[in-house]
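Subject: Handing over the structure

Hello,

Here is the structure I promised to pass on to you. Please have a look at it first, and my notes on what turned up follow below.

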Amino acid sequence: MADDASSADVDANAQESPQSLSGRLLSMVERTGNALPEPVTLFFIFIGLTMLISLVVSAFGVSVEHPRTGEMIAVESLFSGENIQRLFTDMADTFADFPPLGLVLVVMLGIGVADKSGFIGAALGSFMRAVPNALLTMAIVFTGIMSNMAVDAGYVVVIPLGALLFYGAGRHPLAGLAAAFAGVSAGFSANVLPSALDVLLASFTEPAAQIMEPDYAVTALANYYFIVALVPVFVIAGWIVTDYVVEPYLGEYEPPEDLEDGMDTSEKAPALEKKGLRWGALSMLAVIVGASLLVIPENGALRGPEGGFEPAYEAIVGLMVVVFFVPGLVYGIVTEKITKDKDVTDMMSETMSDLGVYIVLAFAAAHFVAMFGWSNLDMVVAITGAGVLETLESSIGLSGIPLIIVFILVSAFINLFVGSASAKWAIMGPTFVPMLMLMGYSPELTQAAYRVGDSFTNILTPLLPYFPLIIVFAQRYDKNAGIGSIIAVMLPYSIVFGIVSTLVLAIWIFFGIPLGPEAPLFIDMP
């Protein structure tokens, strides 16, 4: 009996040790990250370090050649008179032009009414009761991936809703936040439908390919089959990481006393709220139908002069304000939470007040990102990384799938410093597309590999413009959450998403599967 007991203990320890090891590693990452100063202070420290690095590197005259224009780009000191002057004269513009700021504030005006009136809480409660708990994680990851159709609005809408859904289901809200963040950001390279990103990347890939083949054409569907295949892979991977790694690591959630989520999770919602939810849902449907009539007809108000969808893509943020505002207003009126116009104004004001911390963070982050660009350090890092890969190819004959994997890793590393997908591809495309064409790889394959590397490190870098907002969302449920907390829970997603997406691309290459309609993997160069 004693031997059997000892054997059982050993088996139990053997089963627990991998989880304990991963938990210890994530705890170490969290402790290290949270030992850092407050996020706002940290961004100002980053600014100081960037200024010092720019001063030292510029003193050595470091410069690189832009692969497209041939222009020599030198690191500029942020202590120069011109940059010091720019810092103070452009301070308001630097803050106002920070890409996420306007989007967040505008979208949250509409979401604020829907949230404060109780419509979002009632809708999520209804959704939660309809979706089995076992499918909740996959539903959130899938919604996050699909939200990329709405440009960056998924960061503002889906991520806080993921946390709210998990909280309402009695699960740890930060696990729901992490699952949604993984879908929105690490799953940025996947989708069931083409998005603005497909159009944007193709517009850079085509001229890069025409360096070698003047008549080469790259369409917005160049990676369509591949990005569709990634969706179920990411959904399953996100479910496994959330339910079996992140949530066990976070443990049981104990909400703070002052937490108010506004979600009714009771089995039977009050009759008035049911009526409000019904009318709110109908009004939302009416808004969506109305918006569709502006987009679907070729002569619709949100179609371009030649029938293109570019105006519709640009209008998504404004449409989302209406999509949330109208049902929130209708719900509030039906449930008598809105009885006069001042109630609506108060709801919007309260929402803006809740974003106070984010606005302060955005000020610091905006200046760090801007000054990193003023110094040209972003361009130097990107072009140097591209040069390293080119050197590996020429010096040791790196080719085939290993070359594609190294290219993915270089793209992922550069993504930690340069967040804009188009900015990186504008630099890397003219170098790698022609180089890999000469080796027999199509521009479409190079673009697909870039998309993989450009996605899975998004969730690890504080340079992601929305990273400060994610921290604010997390602190609603855990006042002590910081950069380390977010990176610790997102690290498993980054590793797993990076591995599975790279494996899928490797399988695509091995079996010679087309990446999209008339988008081959390989080409024959003269």
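**Salt bridges**

Helix α15 holds both lysine 342 and aspartate 346, which sit four residues apart, about one turn of the helix. These two form a salt bridge, with 2.9 Å between the closest N and O atoms. Lysine 342 is partly exposed at a relative accessible area of 47%, and aspartate 346 is also partly exposed, at 34% relative accessibility. Please keep in mind throughout that this is a predicted model.

How many salt bridges does a search of the whole structure find? The search gives five. One of them pairs aspartate 243 with arginine 171, where the closest N and O atoms are 2.8 Å apart. This pair links distant parts of the chain, as the two residues are 72 apart: aspartate 243 belongs to helix α11 (residues 224-250), while arginine 171 is in the loop between α8 (153-168) and α9 (173-186). Arginine 171 counts as buried because its relative accessibility is 10%, under the 20% limit. Salt bridges with shared partners also join Arg171, Asp243 and Glu247 into one network.

Lysine 340 and aspartate 343 make another salt bridge through their side chains, at 3.5 Å from N to O.

**Two backbone angles to look at**

Most residues other than glycine have a negative phi. Glutamate 336 is not a glycine, yet its phi is positive, at about 65°. Its place is the loop between α14 (316-334) and α15 (341-354). Glutamate 336 is exposed, since its relative accessible area is 57%, and the exposed class begins over 50%.

Glutamate 518 likewise has a positive phi, near 55°, without being a glycine. You will find glutamate 518 in the segment after α22 (483-511). With a relative accessible area of 79%, glutamate 518 is exposed.

**Cavities**

Searching the whole structure turns up two cavities of 30 Å³ or more. The second largest cavity contains about 30 Å³ of space. Which elements give two or more residues to the lining of the second largest cavity? They are α10 (196-209) and α20 (443-453). The residues that line this cavity are Phe188, Ser189, Leu197, Leu201, Ala421, Tyr450, Arg451, Asp454 and Ser455. By type, the lining of the second largest cavity divides into five nonpolar, two polar and two charged residues.

**A nonpolar patch on the surface**

Finally, there is a nonpolar surface patch to show you. Ile45, Leu49, Leu52, Ile53, Leu55, Val56, Phe60, Val62 and Phe79 form it, and together they have about 820 Å² of accessible area. One of its members, valine 56, lies in helix α2 (residues 39-59). Valine 56 is partly exposed, with 48% relative accessible area, so it passes the cut-off of over 30% for patch residues.

Happy to go through any of this with you.

Best wishes

Note on methods: Residues numbered from 1 in each chain as written. Predicted model: local features only at pLDDT ≥ 70, side-chain atom pairs only at ≥ 80, totals over all residues. Heavy atoms only, no water. Buried < 20%, exposed > 50% of the residue type's maximum accessible area, 1.4 Å probe, protein only. 1 Å grid on protein atoms, 1.4 Å probe; cavity = no way out; pocket = protein on both sides within 12 Å on 5 of 7 lines; lining within 4 Å. Points joined across faces, edges and corners; volume = space filled by probe spheres on them. Nonpolar A, V, L, I, M, F, W, Y, C, P; charged D, E, K, R; others polar. Patch = residues over 30% accessible without salt bridge, like charges linked within 9 Å, V, L, I, M, F, W, Y side chains within 5 Å. Areas by Shrake-Rupley, 256 points an atom, 1.4 Å probe, with all protein chains shown as cover. Salt bridge = Lys/Arg side-chain N within 4 Å of Asp/Glu carboxyl O.
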